[in-house]
Amino acid sequence: MSAPPLCHGRVVIVTGAGRGLGRAHALAYAAEGARLVVNDLGVGLDGTPAEDSPAARVAEEIRAAGGEAVAHGGDIATTEGAASLVRTALETYGRLDTLVNNAGFLRDRMLVNLDEDDWDAVMRVHLKGHFLPLRHAAAHWRAEARAGRAPDARVVNTSSGAGLLGSVGQGNYSAAKAGIVGLTLVAAAEMERYGVQVNAIAPAARTRMTERAFADAMAAPGSGFDAMDPGNVSPLVVWLGSAASAGVTGRVFETEGGRITVMEGWRPGPSVDKGARWTPAEAGETARALLSRAEAPGAVYGAR
């Protein structure tokens, strides 16, 4: 007798699920028995409005394959949009088990050319667009736990190598994605008592965003394994969103092609304590001595 699908009966929200990674995640969850809320605002690559409804198309694709899915076209970077996203899951399916925060877009500029509006727009969709759905889902799960209905809930956030190492020409995007890592660590610590696990991925895959930024690296091969297919990322996301990932929280995974890496973040390196105040010259001399014993930082993407 075969095992039941990994996410049988679970209700999963995926934001930015109309295309690329989000669509791949939604389809993969559906294939493992989950019931989906497919969110996508339907905007262009830079966040400007588009005419089509990719969320509705993906939801229909899931239903046509025998799954359960409902589309949500609200703006999850607003309080009402995020609240309605969680309400949609609860009103449609009566529960919520997993939130996958994935929505985002790019407005790449070198720092000296980066307008305030471009900074604000990217921060809004990536960082605020993670915080608000997480906040409303977390409030629901806390209420469930306090009512004696302990959830077995999961959150999967989406950071980036740009957030872990930095990326030239992506100061706004890198800062937002780094902020998502910090948000993940705090949420994991705060929500564990309520039965909620929170992790993040830093994926590399072919999407509308990466095809423009890294065209050569993202090109599909003529034959063989397509390492940049976004579907390669989704199995880890599905596992993290399932009950099978019990005990895994506050972690960041880099995933690309057939590779999965546990990322290990900031930790104390070489250190000296004088026990008194340094002079500037002493501090500088000491800092250089410490740096000579420290590991070199990772290379910034796109650095020349």
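Predicted model: local features only at pLDDT ≥ 70, side-chain atom pairs only at ≥ 80, totals over all residues.

Reader: Is Ser 271 buried or exposed?
Author: Take its relative accessibility, which is 59%. The cut-off for exposed is over 50%. So Ser 271 counts as exposed.

Reader: How many Å apart in space are Ser 271 and Ser 53, C-alpha to C-alpha?
Author: In sequence, Ser 271 and Ser 53 are 218 residues apart. In space, C-alpha to C-alpha, the distance is 54 Å.

Reader: Is Thr 15 buried or exposed?
Author: Thr 15 sits in the loop between E1 and H1. Its relative accessibility is 1%. Buried means under 20%. So Thr 15 counts as buried.

Reader: Which residues does Thr 15 touch, not counting residues up to four places away in sequence?
Author: One of them is Asn 39. Ile 76 and Leu 85 are also touched by Thr 15.

Reader: What is the relative accessible area of Arg 251?
Author: Arg 251 lies in the loop between H9 and strand E7 (252-256). Arg 251 counts as partly exposed. Its contacts beyond four places in sequence are Val 198, Asn 199, Ala 200 and Val 262. The relative accessible area of Arg 251 is 43%.

Reader: Which residues is Glu 32 in contact with, leaving aside its neighbours within four places in sequence?
Author: Glu 32 is in the loop between H1 and E2. Glu 32 is partly exposed, at 29% relative accessible area. With those neighbours left aside, its contacts are Pro 5, Leu 6, Cys 7, His 8 and Val 238.

Reader: Which residues touch the most other members of the largest nonpolar core?
Author: Nonpolar side chains tend to be buried together in soluble globular proteins. Here the largest nonpolar core has 27 residues. The ones that touch the most other members are Tyr 29, Leu 36, Val 38 and Ile 62.

Reader: Which elements give two or more residues to this core?
Author: Two strands do, E1 (11-14) and E2 (35-39). The helices that do are H1 (20-31), H2 (54-64) and H9 (234-240).

Reader: How many residues are in another core, apart from it?
Author: Val 86 and Tyr 93 are among the members of this other core. Met 191 and Val 196 are too. The count for this core is 23 residues.

Reader: What is the radius of gyration of the protein chain?
Author: The chain has ten helices and eight strands. For 304 residues, the globule rule gives 19 Å. The chain's value is close to that, so the chain is as compact as a globular protein of that length. Its radius of gyration is 21 Å.

Reader: What percentage of the residues in the protein chain is buried?
Author: A residue is buried when its relative accessible area is under 20%. The chain has 304 residues. The buried ones make up 45%.

Conventions
Residues numbered from 1 in each chain as written. Heavy atoms only, no water. Core = buried A, V, L, I, M, F, W, Y, C linked by side-chain atoms within 4.5 Å. Buried < 20%, exposed > 50% of the residue type's maximum accessible area, 1.4 Å probe, protein only. Helix = DSSP H or I, 4+ residues; strand = E, 2+ residues; numbered from the N terminus. Rg over C-alpha atoms; globule rule 2.2 N^0.38 Å. Contact = heavy atoms within 4.5 Å.
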